[in-house]
Every structure is written in C-alpha cells, then in structure tokens.
Amino acid sequence: MKFQYFMPTRIFSGERCLAEHGAALKQLGTKALIVTGTHSAKANGSLDDAVKALAVNGQAYCVYDKVMSNPTIACAYEGASEAVSNGCDFVLAIGGGSPMDAGKAVALLAAQEKPVPPAEIFSASYARALPVAAVPTTAGTGSEVTQYAILTNDAAESKTSVATPLLFPRFAFLDAAYMRGLSQSVTVNTVVDALSHAVEGMLSVRASSVSDALAGESIALIASCIAAPGLSDLDDEARRKLLTASTLAGMVIANTGTTAVHALGYSLTYYKNIDHGRANGLLLARFLAFIERTKRERVAEILARMRLKTVDDFARLLDGLLGKREKLSAAEIEHYAEKAVKAANIANCVVRPEKDDLVEVLQGSLG
Ligand SMILES: [Fe+2]
C-alpha cells in the first residue's frame, strides 16, 4: 500500500500543559506576537497562562487581539505588520479556528522579505514563515496540527486555504480546561466540524491506514460524547475527549484534505453566514448517503465507529444536534453546486460527485 504521512507538530496535552511545558517556547524566538480574538482567550484563562509561560522564559510579547470569525485577508496583513513593526520573531496563536488560522497567515506574511500582494496571498510560493505555537480553545478545527490557514476570499466569494508545510505549528498545547465556558452552540458547531474532518478523511482518495486509524479513533471519541442531548452539560472528561478528537481529525485532514462537504460548506458560510462547522454538519449525512451508493463498506466502517447501523441513524443523530435547518432557494442550490464542483477538494472524494450529485446533496440537506 503506497501512502505518505507527515506530522511535524509536537503536541502537549493535559491540564496546565502550558505551565508544564511552556519552556518549549524558548526554542521559537525572543519575542512573540500573540494572535487571538477579541475576548475569549482573556475570559478562559489561556491568554494569562500564555503570558505567564513567556514571562518564565524571559520572552517578550505583543498582543494582536482583533481576529474576527472567518478572518479576512486584511486581518492577516494587519497582524503581520504588527509582528514586523514590533520585531516579533514567532507567533503564539490562541483561540478557535479563526485566531489559529489568522495567526498562521500572520506568521507567513511577516516572514517574507518581499511583500506578497494581497491578490497573490493564496497563489504565492513561500520559502519561510515565523515559527508558530498554537493553543486551541475549542474542539473543532484541528488547525493546531495542520498546514492550512483558511481566510475569507472575497475575490472568489468563498473561503480559501493558504497551504504550505511551513504553516504546521511547531507546538500545540491542548488544555481542555479552556473549553469549560463554551456555549452549547459553539460546542455543537465545533464538534460537528471535527466529526466532518474525520469522516471526510475516511472518504478521501488520500486516506491511508495511518489516517484511518486516527479518523476512526476521532469518530469513536466524538460518538462517545454526543449521546448527551445537544451536547449539554459536558464534564471535563468529555471536553478532554472532544479536544483530543478534534486534534486527531486535524492530523487526518493535514494528510487527506477535505472533500465535497467543505467545498459546499464554504458557500453556506460565505453567502448565508452559517457557522463553518454547522455548514458541514448540515451536509454530512446526505454526502454519506451519496457515497454509500458506491462504497457501502467504507460508509459501514464509519457508522461502526459511531456504533450506528444506518446513514438514517447518522442523520437523526446530527439532526438532534443541529436543530431546525436553514433553507436554500433553487437558485442558491444551483449556484453553490456550480462553485463547489470546480473546487480543488472535489478531487479528494473517493467517489467524485458531478454537479447534479452536489445539487442533490444540497437539496436533501437544505432544500
Ligand atoms: Fe472544517
């Protein structure tokens, strides 16, 4: 069996891991740019812990805390200019997917000798990036272990990845204590994103025995937590499982890429402002049903990891999490399918969907 697997990020997992292993940050530089959102890292204690770890190491820092959901290209450039003007030589990205993706883009842009024009950010070839450490505070994106920085791309009316191995964080610090105050809707949306990564990884032509092992474990961990109605009242143990699951799923998509679910989901986020994870969750069961027609055994493996028997059981479980579904018009469905069928990640699908198949997935999910 021919395959490649690459994962250069050192992971520290466990309560107080930033305090215990913060000395590792000394390897990254002398002055950090902490990239984060406007408030959650302050509220959940992760920013304080990061600052303390830097202080113990004798490292200086600045904070760029203006990252919004679905970060823009302008945000990445603003952060990069903060890094350059303050002489920062590494990035510490703290938060959910948006701050981590923005932090990675900042690390890339800040390291370029010749400025990259914004119109070329997704196509430029990069030779260097500032080193990055990541502290996820949600269990969804897996960005702490991927080579992707996903930004809103207004020119393409979508979200697009800057992808280079330079963007793999050097360190990921996984402390589920930062997730204690997450709202139920953030918990659901992020968990569904992680589940989508693991499932899509198993439905990718780039899947291998290594990525399958990681994806299967991720799916099983998530399945063990989502029996609680709407993922309410999660205890610390469940939060730890979900954070591990999302990192495992990130390791999967770092190697398999995502598939049609993400390709379609980006339009739901760009045009309808539907949260990224929720967008994937809304589409996942119908995509599974599409794949099942050709690859029944593969889908059965996924269902088995969830201790489910049928795709209908899977759909019911997600319906219980996602609640009332948004609706799309026929014109919107046509438009989104047309865009997605041209997306690069369509080529990853183990059964390559035609435009009509994508229309059917959208129609069944949101029609
Ligand atoms: Fe995702």
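Asparagine 70 sits in the loop between β3 (60–67) and α4 (73–85); helices (H or I, at least four residues) and strands (E, at least two) are DSSP runs, numbered from the N terminus. The model is predicted: local features need pLDDT of at least 70, side-chain atom pairs count only at pLDDT 80 or more, and totals for chains, interfaces and linings use all residues. Residues are numbered from 1 along each chain as its sequence is written. The domain assignment of the protein gives domain 1 (10–178) and domain 2 (183–366), with bounds that come from an automatic or database domain assignment.

- Most residues other than glycine have a negative phi.
- Asparagine 70, which is not a glycine, has a positive phi near 50°.
- Asparagine 70 counts as buried because it has 20 C-beta neighbours inside 10 Å. A residue is buried if 20 or more other C-beta atoms lie within 10 Å of its own, exposed if 12 or fewer, and partly exposed in between, with C-beta atoms placed from the backbone.
- Asparagine 273 also has a positive phi, of about 55°, and is not a glycine.
- The loop that holds asparagine 273 runs between α9 (260–272) and α10 (276–292).
- Asparagine 273 counts as exposed, because 11 C-beta neighbours lie inside 10 Å.

**How the domains meet**

- The centres of domain 1 and domain 2, taken over C-alpha atoms, are separated by 25 Å.
- In domain 1, 21 residues are in contact with 26 residues of domain 2; contact means that the C-beta atoms of two residues, placed from the backbone, lie within 7 Å.
- On the side of domain 1 that touches domain 2, the elements giving two or more residues are β1 (10–13), β7 (158–163) and β8 (171–174).
- The residues on this side of domain 1 comprise seven nonpolar, 11 polar and three charged. Here Ala, Val, Leu, Ile, Met, Phe, Trp, Tyr, Cys and Pro count as nonpolar, Asp, Glu, Lys and Arg as charged, and the others, Gly among them, as polar.

**The sheet**

- An open sheet is formed by six strands in the order β1-β8-β5-β4-β2-β3, with parallel pairing; two strands pair if DSSP finds at least two bridges between them.
- β1 and β3 are the edge strands, each pairing on one side only.
- From one strand to the next, the twist averages 20°. Axes are lines fitted to C-alpha atoms, for helices over the stretch in contact, and angles run from 0 to 180 degrees between N-to-C directions.
- Four bridges join β1 and β8 in the parallel sense, and serine 13 has leucine 174 in β8 as a bridge partner.
- Strand β5 (residues 132–136) runs parallel to β8 and is joined to it by two bridges; phenylalanine 171 in β8 is the bridge partner of alanine 133.
- From β8, Phe171 and Phe173 point one way and Ala172 and Leu174 the other, and all are buried.

**Helices against the sheet**

- α4 lies across β2 (31–37), β3 and β4 (90–95), and runs at about 165° to β3.
- Helix α5 (residues 97–110) lies across β2, β3, β4 and β5, at about 170° to β4.

**A residue in β3**

- Aspartate 65 lies in strand β3, and is partly exposed because 17 other C-beta atoms lie within 10 Å.
- Aspartate 65 is in contact with Thr36, Gly37 and Thr38, leaving aside its neighbours within four places in sequence.
- C-alpha to C-alpha, aspartate 65 and isoleucine 34 are 7.7 Å apart in space, and 31 residues separate them in sequence.

- Helix α6 (residues 184–202) has 19 residues and reaches 27 Å from its first C-alpha to its last, close to the 27 Å expected at 1.5 Å a residue. The expected span of a helix is 1.5 Å times one less than its number of residues.
- α6 is largely enclosed by the rest of the structure, because 16 of its 19 residues are buried.
- Helix α7 (residues 209–225) contains alanine 213, which counts as exposed because it has 12 C-beta neighbours inside 10 Å.
- Alanine 213 and alanine 304 are 13 Å apart in space, C-alpha to C-alpha, and 91 residues apart in sequence.
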